[in-house]
Amino acid sequence: MPGPVQSIERAAAILRLLAQGSGRLGLTEIANSLGLARGTAHGILRTLQLVGFVEQDEATGKYQLGAALLHLGTSYLDVNELRSRAINWADALAARSGEAVRIGTHLQGKVLVVHHVFRPDDSLQTLDVGMLMPMHATAIGKVLLAYDANAAAALHDASHDGELEQFTRRTVRTHREMSRMLATVREHGWASDVDEAGMGEAGVAAPIRGYGGLVVGAMGISGATERICDSGGRPRPDLVGYVRDAARAVSRDLGASRW
Amino acid sequence: MTQRYVMSIDQGTTSTRCILFDQRGRLVSVTQREHKQHFPRPGWVEHDAVEIWRNLERIGPEALAQAGVGPGEVAAVGIANQRETTVLWDRRTGVPVAPAVVWQDTRTDTMVDELSRRPDAHVVRERCGLPLATYFSAPTVRWLLDDIPGLRERAERGDVLFGTMESWLIWNLTGGPDGGVHVTDVTNASRTLLMNLRDLDWDPVLLGFFGIPRAMLPEIRPSSETYGTARRVLPGVRISAALGDQQAALFGQTCFHRGEAKCTYGTGAFLLLNTGTEPVASTHGLLTTVGYQIGDQPAVYALEGSIAITGALVQWFRDRLGIISTAPEIETLARTVDDNGGCYIVPAFSGLFAPHWRSEARGVIVGLTSYITKGHLARAVLEATGWQTREVVDAMNADAGIALTMLKVDGGMTADNLLMQFIADVLDVPVVRPMVAETVSLGAAYAAGLAVGYWPDLEGLRRNWHRAAQWTPAMDPGRREEEYGNWRRAVERAFDWIKPTPG
Ligand SMILES: Nc1ncnc2c1ncn2[C@@H]1O[C@H](COP(=O)(O)OP(=O)(O)OP(=O)(O)O)[C@@H](O)[C@H]1O
Ligand SMILES: [Mg+2]
């Protein structure tokens, strides 16, 4: 068992300090109060600023608690903001894959569609934004289940006797089967559904991450199984690559550095 | 090496963007950087042109790095820019003689008032298709020439150059003081009040009217043509297009045929209708402007409905009132209520542009009662964009004699589903977003790629256009009419606020 992480302890101390008194302190005051070198304090403050826990006043250069801290209890990223930030890459993914693109977040055991780009063939399609999709039968849902503990718990609560709703004979049936599948999703970094939400329909999805790697949503393509999958019934590797690249590009824009 | 990409530079009012596109018009990488907005006095809005150039120096190479390509793989670069914003700089040092004066700046209002009272004031609209307004460049140039001692002499000698942002960037990219190319394109020149709309050249009568020396003006070139080769930032890349951002969006939406129109929703919103190779004068408050010119082909003209404040109202809600912390949260907040609660916001922050052109109007919020929450206000913010669109579409339909059957939209606000649905509802026609929301950038890239043969023709580009989303009208007609009536009454209350200066 490793000991406490020093920089996290120091970050916590800085936040406590800023939460006291007037709440606005300069770099020197903070460094002096905690007995840190200015460089060290500055490094920690910069990181806290990056994740939104600390803000710096432009005029005075003083630091204060950031808005993100005040909203810790509520949703981390507004879904309408997620759409705004992802729209360019979602378009590019639809253009590249030739399939419809959706972005989903978790809402009470379901996938909430927060963005939808039509399949680029100019056929008649209707906008799905605001609709709910099942979690355990869609690639986007599986990604959310794999990376969001709250989503997984909500699904568990929603299904009685551990039985999951069946849409086709290929829909995942039990929670045990589901756990195995989610382990694979985490191992590969993407998920798929093949004839699970409806026969002849398939999808591929990957996680969208924010600061620190927190998964804030999932982005995926869906379409006819014969287009999404190869002759072996597995999602085509080129499509998987496009989906992962697009989700990574959004994550990078949202500030996730390592993914 | 094969040239696989085309780059666009979108030098906007709030930020500069660099995007790489591939042959199918798909976005490959994007970088962006905001610049500071300076408000030194009420009504004044300035940018630092050097800061904008520095931003480009940074994001240009970043866009290449993001895609992992070198400048050798870029076939050409095209520039789209915030229109009318004026830079004057020293040809020898490359240093601006004053901060750039932004299109929203109203410092010239008294001068414009005086100019419009001159007996020969009618020459302006006749020759350039635009009304005399602070919005356009010529009054600003005149103001600077009067304001800075000795500037007029230096300008007459050709030592001080005028340009809108595309001229400034092209001059710097091609070497700056060391052989920089001083050019503008027909679309940008059409917004100065100095270009003859038919000849597509500087008009001596207009130059005389505003007292602006020809020696300081750039050469007017087609929108799609190679102006030179970059020597800095993107060394060796051909600079092959320039268009005002709104015209670039028309091009990016592939509105190449007469009768095709688009509306771009950003800081303001701009509805442009392709009117073919003849300029059409509006009788309903729209502007006549150049849409684009490809090489030595005839120029294509457009009718424009300019709305000054749409996204800027959302920004105001965020930055000045602090009710939301990001622009998209306006939708979240608006969805907390079912309707506007009887409240309307008319954002006449710098008067009202099309179709009213009332510079003395100022913003109003009407229908306030104790019942109104911030949710209702957020609705009213979004609805203001919808109703302003309805007004310019009505004007466009009246001018064109036929009604629009669908509205093609683009720009940052198209990410707002509630707003897009509302626009479909109040226009009673479907609203369609294409697969590339960054249509301004796409248009600049298209024009550049065409100039160098990266894309063969316009029809090929049309095939890249795909519908990404569509919103279908669903509002009860009775309610639509009632709400529109309320909006119009609200607009009347914004009129006549600023009192005329005596004398
Ligand atoms: N989801 C949203 N809902 C409403 N308004 C939004 C939303 N997202 C962005 N905006 C508004 O859209 C504008 C940004 O769009 P865009 O980037 O197209 O602007 P722009 O006009 O091109 O910027 P520039 O003036 O730099 O060219 C901002 O004014 C912002 O307030
Ligand atoms: Mg713009």
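Helices (H or I, at least four residues) and strands (E, at least two) are DSSP runs, numbered from the N terminus. The model is predicted, so that local features need pLDDT of at least 70 and side-chain atom pairs count only at pLDDT 80 or more, while totals for chains, interfaces and linings use all residues. Residues are numbered from 1 along each chain as its sequence is written, chains are lettered from A and ligands numbered from 1 in the order in which they are written, and side-chain values use heavy atoms, with hydrogens and water left out.

According to an unreviewed UniProt entry, residues 261–451 of chain B carry the annotation "domain: Carbohydrate kinase FGGY C-terminal". UniProt positions are given in the numbering used here, feature names are shortened, and annotations may be inferred rather than shown by experiment.

**The sheet**

Next, display the open sheet of chain B, in which 6 strands follow the order 3-2-1-5-14-13 with mixed pairing; two strands pair if DSSP finds at least two bridges between them. Strand 3 (27–34) and strand 13 (224–229) of chain B stand at the edges with a single partner strand each, so one side of each is left without a neighbour in the sheet. Neighbouring strands of this sheet are turned by 25 degrees against each other on average, direction ignored.

Select strand 13 of chain B together with strand 14 (residues 238–244) of chain B: the two run antiparallel and are joined by 3 bridges. Thr229(B) stands opposite Arg238(B) in strand 14 of chain B.

Contact here means heavy atoms within 4.5 Å; axes are lines fitted to C-alpha atoms, for helices over the stretch in contact, and angles run from 0 to 180 degrees between N-to-C directions.

**The ligand site**

Finally, select ligand 1, which 20 residues surround, Thr13(B), Thr14(B), Thr267(B), Gly412(B) and Asp416(B) being the closest; a residue is near a molecule if one of its heavy atoms lies within 4 Å of it. These residues come from chains A and B, so the site is shared between chains. The largest share of the shell, 4 residues, comes from helix 10 of chain B.

An oxygen atom of ligand 1 is 2.7 Å from a side-chain N or O atom of Thr267(B).

Definitions and conventions:
A polar contact is a pair of N or O atoms within 3.5 Å; within protein, one must be able to donate a hydrogen and the other to accept it, and residues adjacent in sequence count only if both atoms are side-chain atoms.
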